Amino acid sequence: MSAAAIFFYLIAAFILGTGILAVTTRKIFRASIWLLFSLIGIAALYFWLKLEFLAAVQIIVYVGGIVVLIIFSIFLTIKSGDEMQKPLLVRSIFSALAVVFGAAFIMRLLQKYPFKLNTGKPFELKVNDIGTQMLDTKNFGYLLPFELISMLLLAAMIGCIVIAIKHKEPENNLPNQTI
Amino acid sequence: MNEVPLTHILFLSTALFFIGAYGLFTRRNMITMLMAIELMLNSVNINFVAFNKYLYADKLDGIFFSIFIITIAAAEAAVAIAIIINLYRSHHSIDVEDATELKY
Amino acid sequence: MSNPIFIALIPILPLTCFLLLGLFGRKHFSTTGGIIGTLSLFISTILSFATAYQYFFQTGKINGVYQKIIVFKYTWLEFAPNLSIDMGILLDPITVMMLVVVSFVSLMVHVFSLGYMKGETRFATYYAFLSLFTFSMLGLILSSNIFQIYLFWELVGVSSFLLIGFYFEKPSAVAASKKAFIVTRFADLGFLIGILILAFYAHTLDFGILIERLSVISSPYLTAINAASFLGMSALSWGLILVFIGGAGKSAMFPLHIWLPDAMEGPTPVSALIHAATMVVAGVFLVARLFPIFALSDPGALQVVMYTGAFSAFFAAVIACTQTDIKRVLAYSTMSQIGYMMFALGVSKYSGEEGLGYMGSMFHLFTHAFFKSLLFLGAGSVIHFVHSNEMKDMGGLRKLMPITHISFLIACLAIAGIPPFAGFFSKEEILMAAFESNRLIYVVALITSGLTAFYMFRLYYSIFWSKDASVNNHHGEGTISMKIPLILLAILAIGSGLVPIASFVTADGLPITSHVPISFSVLPVSLALLGILLATRLFKNSNDLPVRISQQMGGLYTAASRKFYIDEVYLFVTKKILFNLIGKPAAWFDKHIVDGLMNLLANSTAKVSELIKGFQSGKVQDYALYFFGGIASLIILFIYLWQ
């Protein structure tokens, strides 16, 4: 077993461990922190896969943006020190069974499937290539999705503001009415 | 790269996905449900990059998908938080069991 | 009047009058409704007389035989290429005679009601109903198709229902109208089945063709209908007897007579119109219409007609001797006289001189209409004066109501069969026909005519003589509109006997000369005089002899005055047998099984929905679990089980 493999299994264990803790812990602030660790673990995985750019994007957007957003929303809504309620036992058991069944099923499928691994030159991620391909209009170019996602971000921003805005209370005195 | 077979990475992503699914089914708090959804999205990301690296080394499509998914997940998380805040204002609780207006 | 429009106008005028008064009468014509009704009927009467004149003296006769003339025919409902219901107008000697009778009596009743019903709040509605009745009766007479006659038959029943129940606040009137309608409707069931049987075998509904196919000996239809038999009788007998049952219901023959005495709850002019002259003779008219089939193809059915008629005549006469309500006496008298008409048809044969019974029956119908309606209108006048129907409230009215008195006397003499009044001539024809055919029936008829004279004069003396008047003359005998019909009808009660019906109305269209010898009439007339004398002795001055005689007769008298308990028998059969044995189980079945099945379906649907509604919990996570479960099962299905 090479060092790379050992590292992989450690990172994997870290991701899964913090993930399980994130979904089972009863204190909400701790759940968000466990989520944070899980996402950092995934970034580490990307580093291990030699996809540095993606790992950087992951840390900036997910860890630095989304988890912070989640923490803000926790502060805005509930008292973060309290313990959350446990779910119904029936629900936990059913969900656990369903999840285990689903996981086992898919893992078995994956095991059976003959993947055709790449035999050519190894994979290299250059940011230059990402940039040129993204702004390319032909030959697998992703310009259109890029523009669309920009629009989506704008729409999401405006949408969030509209949904979450607080409306002013209507004034109590009505305008003068002629009878 | 070839030290770890593809299937092991896929096992990891599957397990992460179903951990997220468990969290989605079980958690009573809307924000923790959102966290579980983020886990599921990340598992999909791992899947994409693993396939890209192991099967299609001359193309970059998997990476692009992952980048786009991260972006969209950010937007979606923001909208979800906005909805949760709105719901909190009307119900004064973010317990998902309190939002049962569609009950029979 | 070769133009059919004028003949069609005869029933259509009363129809338009009905629609006008029925729809707009209450608001616009509340006082003038009577004038409008009377005027329209007056025009109809003139048209009827003109038609009669034209038919009998100008166009009706071909080669000396009076023909059936189809004036017009319109195919209304076609079932098969050769089976259809046509609406048409048929002219025939009996039709034209009935036109004259019905329209004239109806006109008299309309005029009488102007005075009798004055001050009534629903004056226009009354005239609307009278017009509807006149229209239905005229339509019935003019029908050329057996189904059309059934249609108008039912319409006549409905109008009679409306008129009997005119004073609908009185529960007895409502009960009487229901009884009349239900009994006649029940008889009409037989009529309908009879129509269907006859139409099925003869393949036609038209009167002319039907009679032709079923009365000519060599007709294949006749052999077919005679060959088919059911429970021992041929289909022809069944058909004819069932049709006769329908006629017996309308004409109040035993045992379907129970509605006629109760029908006296209606206003008295209505009784004069419907239950004396027109509706109750509809049954006789029907048998007369189908007479060729009865006489030539199935004498057995004719025997049924004869016995029923004779028994009803005698039965009604016995009961009439004991009744105290003057209208009920007249009702039973009507039943008895109709019995005469029926058995006269029963003893008759078809051709030539042997058709005397038929001619006598129609002659009696003609004269009876006039003197019976006169009797009823006179009774109406008396009731209007005394405000009561019972004999004990009357007496000695001869000085206070002279015109009514004289006309009533004339009518009583006519019905008793005293020459030269009208009833004598028609009764003699009937008795002659009975004498020549069936001696038993002749004897029964003779005894009945004696009883007729007796009870009619009992009635006459109780009203006009027996004791001194107990009411004073506070409002006079009646208006002029009430006196004119009495006078006109009295003239006819004397004179209509002299009309030579025999040369106009006969079974086969050929005129016959009637020759009743004087020696034959001695016996009936002397019996009638005997009855009158007996009545004079018992009732002219009030004494206790009638009471003693009735006490001596004991049970027989009680039974007769209780109408021989026929009503109680009907009530028993209906309540104890029909309701309990058929009605109640049917109701149970309907309530528990039919309704129960529906309730079961509904309840089980509700239960199932109750069970599944838990799926809609409103919780997102439940939905997510269901969603996941669905996807998992679909995956398994598609990967492993889909071949």
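Student: Leaving aside its neighbours within four places in sequence, which residues is C:Ala493 in contact with?
Tutor: In this predicted model, C:Ala493 is in contact with C:Phe370, C:Phe371, C:Leu374, C:Ile410, C:Ala411, C:Ala414, C:Phe421 and C:Ala422. Two residues are in contact if their C-beta atoms, placed from the backbone, lie within 7 Å.

Student: Which residues touch the most other members of the largest nonpolar core?
Tutor: C:Met362 and C:Ala493, in a core of 207 residues. A nonpolar core is a set of buried Ala, Val, Leu, Ile, Met, Phe, Trp, Tyr and Cys residues joined through C-beta atoms within 7 Å. Buried means that 20 or more other C-beta atoms lie within 10 Å of the residue's own; exposed means 12 or fewer, and partly exposed is in between.

Student: Which helix gives the largest share of this core?
Tutor: Helix H16 (residues 356-386) of chain C, with 18 residues. Helices (H or I, at least four residues) are DSSP runs, numbered from the N terminus. Another core, of 62 residues, lies apart from it and includes A:Val23 and B:Leu12.

Student: Switching to H1(A). Which residues are buried there?
Tutor: A:Phe8, A:Ala12, A:Ile15, A:Thr18, A:Gly19, A:Ala22 and A:Val23. They sit on the same side of H1(A) because they cover an arc of only 145° around the axis, taken from the directions from the helix axis to the C-beta atoms.

Student: And what is exposed on the other side of H1(A)?
Tutor: A:Ala3, A:Ile6 and A:Ala13.

Student: What do the buried residues of H1(A) pack against?
Tutor: H2 of chain A, plus helix H1 (6-26) and helix H2 (30-55) of chain B.

Student: How many residues of chain B are in contact with chain A?
Tutor: 60 residues of chain B, with 74 of chain A. H3(B) supplies the largest share of chain B's side, 21 residues. By class, that side has 43 nonpolar, 10 polar and seven charged residues. Ala, Val, Leu, Ile, Met, Phe, Trp, Tyr, Cys and Pro count as nonpolar, Asp, Glu, Lys and Arg as charged, and the others, Gly among them, as polar.

Student: What is the mean pLDDT of chain A?
Tutor: 87, and 92% of its residues reach 70 or more. pLDDT is the predictor's confidence in each residue, from 0 to 100. Local features need pLDDT of at least 70 and side-chain atom pairs 80 or more, while totals for chains, interfaces and linings use all residues.

Student: How does the numbering work?
Tutor: Residues are numbered from 1 along each chain as its sequence is written, and chains are lettered from A and ligands numbered from 1 in the order in which they are written.

Key. Helix = DSSP H or I, 4+ residues; strand = E, 2+ residues; numbered from the N terminus.
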